[in-house]
Amino acid sequence: MTVNRKNVSITLGEAKTAAGTLRDLKVSIGSVRENQWNEEQGPTPFPAHTDLRTWDRMLLSRYKPLYLPFCDLCCLCTYGKCDLSGGKKGACGIRMEAQQSRIVLLAACIGAATHVSHARHLITHLIDTYGRRKPINIGDASIDTEAPIIRLVCGIKPETLGDLKIVLDYCERQITELLAAAHTGQEGDAIDFESKVFHAGTMDHVGLEVADIAQISSFSFPKADPDASLVELGLGTVDSTKPVILVVGHNVPPAIGIIDYAREQNLSGSIEITGICCTAIDLTRYDPTARIIGPISWQLRYIRSGLPDLIVVDEQCVRADLLDEAQKIHAPLIATSSMNCSGLPDRTGDDPEEIIADLVSGKTPGVLILDPEKVGEVVVRTAMAVMEQRRGFRTIPTPEELFELAKRCSGCQECMRVCPAGMPLAIAMQQAGNGDPAALASLYDTCIGCGKCEDACTKEIPVHSVILAASDETMQSERFNIRAGRGAIQDIEIREVGGPIVLGEIPGIIAFVGCANYENGVAEVAEMAREFARRRYIVVTSGCSAMAIGMHRNEDGQTPYEEFHGRFDAGGIVNVGSCVSNAHIAGATIKIASIFAKRKLRGNYEEIADYVYNRVGAVGIAWGAMSQKAAAIAAGFWRLGIPVIVGPHGSKYRRMLLGRRDKPEDWLVYDSRTGEKVEVGPVPEHLFIAAETPEEAMTLAAKLCMRPNDTSRGRSMKLTNYIDLYKRLYNQMPDDINLFVRSPADIPVTMKEQILPILEQKGYHEHPIPNPTLLKSQIRTVKE
Amino acid sequence: MAGDDAWMRAEMGGTSRASVIGKPEVVGALLKRAKRPLFIVGHEVTATGLASGPLTRFMKAGSTIRHIPVIATSSTARDLIAEGIQVAAIMGSMEIIDRLRDPEWKGFDGQGSYDLIFLAGLPYQFCWTLLSGLRNGAPALKTVTLDPKYHPHASWSFGNMATGPWQEQLQAITALLEEKHV
Ligand code: SF4
Ligand code: SF4
Ligand code: SF4
């Protein structure tokens, strides 16, 4: 008999009752049945935060938080405001460190809640459409472990959409508790807040997995397909002879409603469906002829170009001013999610004819429709009807207007004082006013399209639009491609690369995730991804970072998706899909522990995280990360022991988790064979760090891929990459090589002459490669 | 433009604010009192500082006359060395700040902790968070930003300045070092 802790589920092999003998009785209270999974239940199914607190504190004692308060004040309750600077306590007794970690917790909870509620919206819709018994299938025969995160965290093996509901119930309870801990007078300890941040991250990853496995199973998305089709990307790919529909956000059912309606009416070839952000990515998983315009920062430029005839918004990463922007180009806006009603009237219950008539006549600038099917009909028919009457409306100035506007510039620099990309706007604008817009045009690639410069301008110049006017040709000619999101990693791929990764012979897995905002974000992410793929790391990516990688061509005119294969193997660039597909990146590391190393997964978080941390050389780079979702995703990786690097703006997440390589005593592990504590050096050195430049990020990433378990061959390969990158970018040898060499066999043969003198000068002590673990429970008894 | 409001308009983070370096003697006096000063130089110095000369000269004078170690973050080192500046170490800024807030840390040379930090060439908002980390984590440490943008979280900062007056200030500080050996 197995009793599931949180949802009573009892299986009896045989029971004698007054009425006779019952065989194979299954009783299920709650919605998860006991199933074919006969793996023994681990110690922490459906864990509360405190169940994993010991593990968290182990990590946090090595990677101590460095707080960088973005604000000295706390304004959360009416006791305040409180000034917490200089060691002062708030009226509630809280100190700065705890306050900062509390804000980090709030951010992580917002992020996790967003993904979990997104998963809830999807599940509700999919169960309504396909029924709760719809089986989970994310890779046909290629995938046995369909939900590694859920199996690991919850200790259940979900088989149908209905099974996922119970998982979400759990996440929602946990997030509510975590959020409650941030209330005044609850948690007051910084490290306990941090541990709760980790828990929010775990809940986030569970939510991501629910969302993506549900949508892969229900829609005809690629199922773990390394050769998923190449789809078009870029503003220049839009066929403007057709009515153009723009979808923005993350929750794909309304966009799928549009495609389905068009298919049913034989209109697929007559409309152009384009998207921004993750809805676009998921849309192309459903229909590879849909087009991705670009990441989050492309919203203003695309709308202002006047191309979209109708705009559909769902949830997450949607600009709050899209209704205003839409009205300026006379495009109706349809809101489709309770997360973002945009102040529009709810017309879900109305006849589509009436809604369309009101939108076409301009009686209403937009509507809220919460039924994806109805969205499909209203959007397609309205877009076709408004196309002719609204074409010609765009808000990007003509070349003549550009000149006139730029002439107004007084050089006051107010625009520069709000520009997050720190651009030299004033001088560029004045040059444009003198007839030379080249400098202004050169800012296009760096501009993150926030629009703040326009509100700041003292001469009412629409600065962003003027930049777009100067670079209109560049913008209109953006034509790239991206491999459609493949979803999970196949079990066979894991079997094949598990050994080389764990032994260190594939130098690492580098995941480019999150937004690609921020100055040069797009180009820098693409260049970093190519560099690591060329070095035969496994590069994985998702969401806006996956798009950014595609928006780049090499000398031969190929995008990285044409240049590199899509298999989860050395030298691949693997687009798993949208933000929620990040689950497959974490999932792949977990599957290495379970499929390759045959560790038990079920409710066995600590052991698996300990395995991933000590053996799987994976690093996340969230270069333009800005959202609370990115914070939550990162937190989920931290708890698995996977380091995350962010770009310079990531310092605004206000705390880092840093190790100290100069403290050898911090870098001890148990050798599980002997139980002895052994020194392994600072691997990986940090858990969360902001880098100032891509050069710093790349050298850090190469270094953070080292793990205590690396074989000598693996370590020497990782060192080769680290040293080679460092030398190329810094023009000298790194000064910490001695910390990573455990024996002469670790020294890369081709670099011996350069490394030996450094080792002689700095000294290093030889130590054996242990079977590393942080957990006493993993130490084998002498007999074994 | 007012000289002592944060260069980035929204960066209003606290109740205390950096004192504005009104005249070069302020930095001279800080240098005179300091026992263990340190330069932290970020990558933007290549675009804003090195080519313009005076900042380079100040760093050179500081490192040769007062033996102030220059720590380069990221690839800055390449450019500093090309300018003839001796780089004592390369280290990411987050790692430097993490060490500076540790009272036990003995410095890059093992000789003890630092008491005066000059920062230059770091992206504004990145530098903002680093300074905030130091102000809260290492309150005894004095910080001086050398860029022509006001940084409220520093102990001392230039106001928001045009390039010309900023360079003049740097030249005057360098002269104090070279002539009076502050
Ligand atoms: S929560 Fe505490 S620190 Fe914040 S305002 Fe209230 S009393 Fe002050
Ligand atoms: S829209 Fe572009 S130029 Fe304007 S403030 Fe934002 S990033 Fe800077
Ligand atoms: S705010 Fe306007 S007037 Fe001032 S520099 Fe910028 S563009 Fe010119």
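Ala, Val, Leu, Ile, Met, Phe, Trp, Tyr, Cys and Pro count as nonpolar, Asp, Glu, Lys and Arg as charged, and the others, Gly among them, as polar. On that basis, the lining of the largest cavity has 7 nonpolar, 2 polar and 6 charged residues. This is a predicted model, in which local features need pLDDT of at least 70. Residues are numbered from 1 along each chain as its sequence is written, and chains are lettered from A in the order in which they are written.

**Cavities**
- The structure holds 10 cavities of 30 Å³ or more (a cavity is a set of points on a 1 Å grid over the protein atoms alone where a 1.4 Å probe fits but cannot get out, and lining residues have an atom within 4 Å of a point).
- The largest cavity contains about 160 Å³ of space.
- Its lining has 15 residues, and the closest to the centre are Lys703(A), Tyr726(A), Tyr730(A), Gly92(B) and Glu95(B).
- Helix α25(A) gives the largest share of this lining, 4 residues.

**Helix α24 of chain A and its contacts**
- The axes of α5 (residues 190-218) and α24 (residues 628-639), both of chain A, come within 7 Å and cross at roughly 105 degrees.
- The two helices are therefore roughly perpendicular (65 to 115 degrees).
- Their contact (heavy atoms within 4.5 Å) includes Phe198(A) and His205(A) of α5(A) and Phe637(A) and Trp638(A) of α24(A).
- By class, this contact has 8 nonpolar, 6 polar and 2 charged residues.
- The axes of α2 (residues 96-130) of chain A and α24(A) come within 7 Å and cross at roughly 95 degrees.
- Among the residues in contact there are Ile110(A) and His115(A) of α2(A) and Lys629(A) of α24(A).

Terms used:
Predicted model: local features only at pLDDT ≥ 70, side-chain atom pairs only at ≥ 80, totals over all residues. Heavy atoms only, no water. Axes fitted to C-alpha atoms, helices over the stretch in contact; angles between N-to-C directions. Parallel < 35°, antiparallel > 145°, perpendicular 65-115°, else oblique. 1 Å grid on protein atoms, 1.4 Å probe; cavity = no way out; pocket = protein on both sides within 12 Å on 5 of 7 lines; lining within 4 Å. Points joined across faces, edges and corners; volume = space filled by probe spheres on them.
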